[in-house]
Amino acid sequence: MRFLLSDEQREFARALDGMLGAVGTPAVARAWANGDHRPGRALWARIAEAGVFGLAVSARHGGMGQLPSELAVAFHELGRHAVPGPLVETVAAAAFLERLGAGAAAGEWLPRIAAGEAVVGLCAGAPYALDADAADAVLVVEGDTVRRADGHGPLQASLDPARRLFRPLGGPVLARGPAVAAAAAHALDLARLTTAAQSLGLGRALLAATVSYVTQRTQFQVPIGSFQAVKHRLADALVGLEFAQPLVHGAALALAADAPSAGREVAAAKVAAGEAGYAAARTALQLHGALGYTEELDLSLWIRKARPLRDAWGTPADCRRRVLAA
């Protein structure tokens, strides 16, 4: 099995990295956290133009087919640049609608998702919907029933201010039956995969920023990066990220092949990448010293995102149970 990226996938990653780096995502994330969605929606349109959302939508609905490996590449870059918004939830909603084949609902939303014209959230197995105030629609799955929320409750507290949580309220039933549960399980796997890729990219960014910092900050007239204890912390963070990366790409290949083991492989990748990203955040926080606690420092946007990503769409304990269920 090949875990290395193809030339086309590497070029796709470079193009996304260049585009996101030029935008200045910290300012976008701060505006999003304050409830100003205009910069975020403008960036959303550019991400769609790059083809990211089309990777979760079939060609018959205006996408490029369901391509988990390419989605993992894209979400690695989105995580590396701390892009805000219900990105995972929208591609998960697209996967849910594609698998469910919900007639008019799929035909109405999938082309708009692929084009970046609609933000569609998916709430399944959790009490809160991410960024429901910015979504054009929120699909709520409860067992074998899916409904479209009529509205949402007040903003809830979150570790990451750019992850705005709301409780979805009411709404008409769109579909009911075993097909809903099966489609939700497929969407859950894709959500876990893309969240794992986000965690991996986030961890890479945190590690790079920390390595840069410890080579500049001095103590006793030498860079703190020369201290053995600092080297050990950085090495541990790197090893965790390096070990998680092939698990993420392997899970993407299993999901693309619709392999029977795909759910377990995705869960294993989610655990490894989530824990590695969180470990990189703790390392960044400690080695930046007091600066790591400063909200004015852009790095805090990455640090505060690590734990929510680790726990989103299944905590480490949930994902380990999924792996052991085999």
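These questions and answers look at salt bridges in a predicted model. Residues are numbered from 1 along each chain as its sequence is written. Local features need pLDDT of at least 70, side-chain atom pairs count only at pLDDT 80 or more, totals for chains, interfaces and linings use all residues, and side-chain values use heavy atoms, without hydrogens and water.

Q: What makes R80 and D17 a salt bridge?
A: The term needs a side-chain nitrogen of Lys or Arg within 4 Å of a carboxyl oxygen of Asp or Glu. The closest N and O atoms of R80 and D17 are 3.1 Å apart, so the pair qualifies. It links distant parts of the chain: R80 is in helix α4 (residues 68-80) and D17 in helix α1 (residues 7-23), 63 residues apart. Helices here are DSSP runs of H or I, at least four residues, numbered from the N terminus.

Q: Why is R80 called partly exposed?
A: Buried means under 20% relative accessible area, exposed over 50%, and partly exposed in between (1.4 Å probe, protein chains only). R80 has 27%, so it is partly exposed.

Q: What is E77, buried or exposed?
A: E77 has a relative accessible area of 6%, so it is buried.

Q: How do you know that E77 forms a salt bridge with R80?
A: Their closest N and O atoms are 3.0 Å apart. Both residues lie in helix α4, three residues apart, about one turn of the helix.

Q: Why is R38 called exposed?
A: Its relative accessible area is 66%, so R38 counts as exposed. Its salt-bridge partner is D36. D36, at 24%, is partly exposed.

Q: How many salt bridges does a search of the whole structure find?
A: The search finds 18.

Methods. Helices (H or I, at least four residues) and strands (E, at least two) are DSSP runs, numbered from the N terminus.
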